[in-house]
Amino acid sequence: QVQLVESGGGLVQAGGSLRLSCAQSGLPFSSLDMGWFRQTPGKEHEFLAAISWSGVDTGTADSVKGRFTISRDNAERTVYLQINTLKPEDTAVYYCAAMLHRPWWTGSYSEKGMYAYWGQGTQVTVSS
């Protein structure tokens with residue numbers, strides 16, 4: 001089993017920054033590819049970014065590229081999402097997710113259904 005706990009959300013002004021963290025326990029962290037998604041009421045989860053087990057490969061949604069950066073620290077069993085230049089439309093619940101490592105070239109890291117494990121989410125609210 002895998003447990004994921006997000007933290008770092010909150011209320012911020014537009015233009016500000018946040019770093020979300022997701023702490024993992026259970027299976028060896030280095031066996032997991034990790035992803036970040038977000039969800040607003042009435043909408044599906046939106047893929048944001050993913051990182052391979054080693055940290056060598058990353059993928060970021062075009063909609064947030066340049067503002068969102070994913071990273072991981074395998075020693076700390078933590079994945080991070082740095083969010084810069086926050087906008088009111090970034091307001092959402094942010095989730096981290098984990099899946100057993102797959103070949104990165106398949107692009108499956110952007111597919112919500114590929115992730116077997118999810119955190120409880122952390123709320124990010126951006127005021128204008």
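**A chat about loops and strands**

Modeller: Let's start with Thr 85, which sits in the loop between S8 and strand S9 (92-100). Keep in mind that this is a predicted model.

Biologist: What is phi of Thr 85 near?
Modeller: Phi there is near 45 degrees, a positive value in a residue other than glycine. Most residues other than glycine have a negative phi.

Biologist: And is Thr 85 buried, partly exposed or exposed?
Modeller: Thr 85 is partly exposed, because its relative accessible area is 45%, and buried would need under 20% while exposed would need over 50%.

Biologist: Okay, what about Arg 77, where does that lie?
Modeller: Arg 77 is in the loop between S7 and S8. Its phi is positive too, near 55 degrees, and with 28% relative accessibility Arg 77 counts as partly exposed.

Biologist: Switching to strands: which strand holds Val 79?
Modeller: Val 79 belongs to strand S8 (residues 78-83).

Biologist: Buried or exposed?
Modeller: Val 79 is buried, with a relative accessible area of 0%. Its contacts include Leu 20, Phe 29, Trp 36 and Ile 70.

Biologist: Nice. What order do the strands of the open sheet have?
Modeller: The open sheet has 4 strands in the order S1-S3-S8-S7, with antiparallel pairing. At the edges are strand S1 (2-7) and strand S7 (68-73), each pairing on one side only. From one strand to the next, the twist averages 20 degrees.

Biologist: How many bridges join S1 to S3?
Modeller: There are 6 bridges between S1 and strand S3 (residues 18-26). Val 5 stands opposite Ala 23 in S3.

Conventions:
Residues are numbered from 1 along each chain as its sequence is written. This is a predicted model: local features need pLDDT of at least 70, side-chain atom pairs count only at pLDDT 80 or more; totals for chains, interfaces and linings use all residues. Side-chain values use heavy atoms; hydrogens and water are left out. Two strands pair if DSSP finds at least two bridges between them. Helices (H or I, at least four residues) and strands (E, at least two) are DSSP runs, numbered from the N terminus. Axes are lines fitted to C-alpha atoms, for helices over the stretch in contact, and angles run from 0 to 180 degrees between N-to-C directions. Buried means under 20% relative accessible area, exposed over 50%, partly exposed in between (1.4 Å probe, protein chains only). Contact means heavy atoms within 4.5 Å. Lists of a residue's contacts leave out its neighbours within four places in sequence.
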